[in-house]
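Reader: I would like to go through this model and ask what stands behind the labels put on it. Please give the value and the cut-off each time.

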Amino acid sequence: MELLQELLQVSAQLFKHLTMLPPDKERDDYIKKIDDYLDKRGEIIEQLQQIEVNPLPGHPFEKQLRELDKGIRDRLQKSKNEIAQDIKNLQKSKTSERRYVDPYASVRVMDGTYFDGRK
């Protein structure tokens, strides 16, 4: 039952960490810490799955763990959507910057070129 308590602690830490959204400069550290928490949580879950009898059903921590898991999934999805939106905005700004620097790059004009149509 020690594993369930450890799982509860790591899940609570991850949930708490996901409630804080970092400034853009600290996002890499924020994501790395999320990844570390998820790895720890995954290891504990693997250990729990190796036990023959599932200790979670009927355990006092069951309801709490299920609520934390749902909250973690929701907040991870929000973080993922925010990061995807930032990437999309960055790509859009790069494209518009390229168009500003070289506005005629997409124009295919062949002035002064003669193509002979005969074979």
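Author: This is a predicted model. Of the 119 residues in the protein chain, 20% are buried.

Reader: What makes a residue count as buried here?

Author: The cut-off is a relative accessible area under 20%. Ser79, which is placed in helix α3, has 10% relative accessibility and therefore counts as buried. Apart from residues up to four places away in sequence, Ser79 touches Leu18, Leu21 and Tyr30.

Reader: Why is Arg27 called buried?

Author: Arg27 has 14% relative accessibility, and the limit is 20%, so Arg27 is classed as buried. Arg27 belongs to helix α2. Its contacts, leaving aside neighbours within four places in sequence, are Pro22, Glu82, Ile83 and Asp86.

Reader: Is Gly42 buried, partly exposed or exposed, and what makes it so?

Author: Buried needs a value under 20% and exposed a value over 50%. Gly42 stands at 30%, in between, and is therefore partly exposed. Gly42 sits in helix α2.

Reader: How many helices and strands does the chain have, and in what order do the elements run?

Author: There are three helices and zero strands in the protein chain. Starting at the N terminus, the order is α-α-α.

Reader: Why are α1 and α2 called roughly antiparallel?

Author: Helix α1 (residues 2-19) and helix α2 (residues 27-50) pack at about 160°, and their axes are 10 Å apart. Angles over 145 degrees count as roughly antiparallel, so α1 and α2 fall in that class. The crossing of α1 past α2 is left-handed.

Reader: Which classes of residue make up the contact of α1 with α2?

Author: The contact of α1 with α2 has 13 nonpolar, four polar and four charged residues. On the α1 side, the residues include Leu3, Leu7, Val10 and Leu14. From α2 come, among others, Tyr30, Ile34, Tyr37 and Leu38.

Reader: What is the crossing of α2 and α3 like?

Author: The axes of α2 and helix α3 (residues 62-101) come within 13 Å and cross at roughly 145°. This crossing is left-handed. Among the α2 residues in the contact are Arg27, Ile31 and Arg41, and among those of α3 are Asp69, Glu82 and Asp86. By class, the contact of α2 with α3 divides into seven nonpolar, one polar and five charged residues.

Reader: At what angle do α1 and α3 cross, and which residues make the contact?

Author: The axes of α1 and α3 cross at roughly 35° and come within 9 Å. Here too α1 passes α3 in a left-handed crossing. The contact includes Leu4, Leu8, Phe15 and Thr19 of α1, and Gln64, Leu68, Gly71 and Ser79 of α3. In the contact of α1 with α3, eleven residues are nonpolar, five are polar and one is charged.

Reader: How much of the contacts with a separation of 6 or more is between residues 24 or more positions apart?

Author: Such residues account for 79% of those contacts in the protein chain.

Methods:
Residues numbered from 1 in each chain as written. Predicted model: local features only at pLDDT ≥ 70, side-chain atom pairs only at ≥ 80, totals over all residues. Heavy atoms only, no water. Axes fitted to C-alpha atoms, helices over the stretch in contact; angles between N-to-C directions. Helix = DSSP H or I, 4+ residues; strand = E, 2+ residues; numbered from the N terminus. Parallel < 35°, antiparallel > 145°, perpendicular 65-115°, else oblique. Left-handed = near helix turned anticlockwise from the far one by under 90°. Contact = heavy atoms within 4.5 Å. Nonpolar A, V, L, I, M, F, W, Y, C, P; charged D, E, K, R; others polar. Buried < 20%, exposed > 50% of the residue type's maximum accessible area, 1.4 Å probe, protein only.
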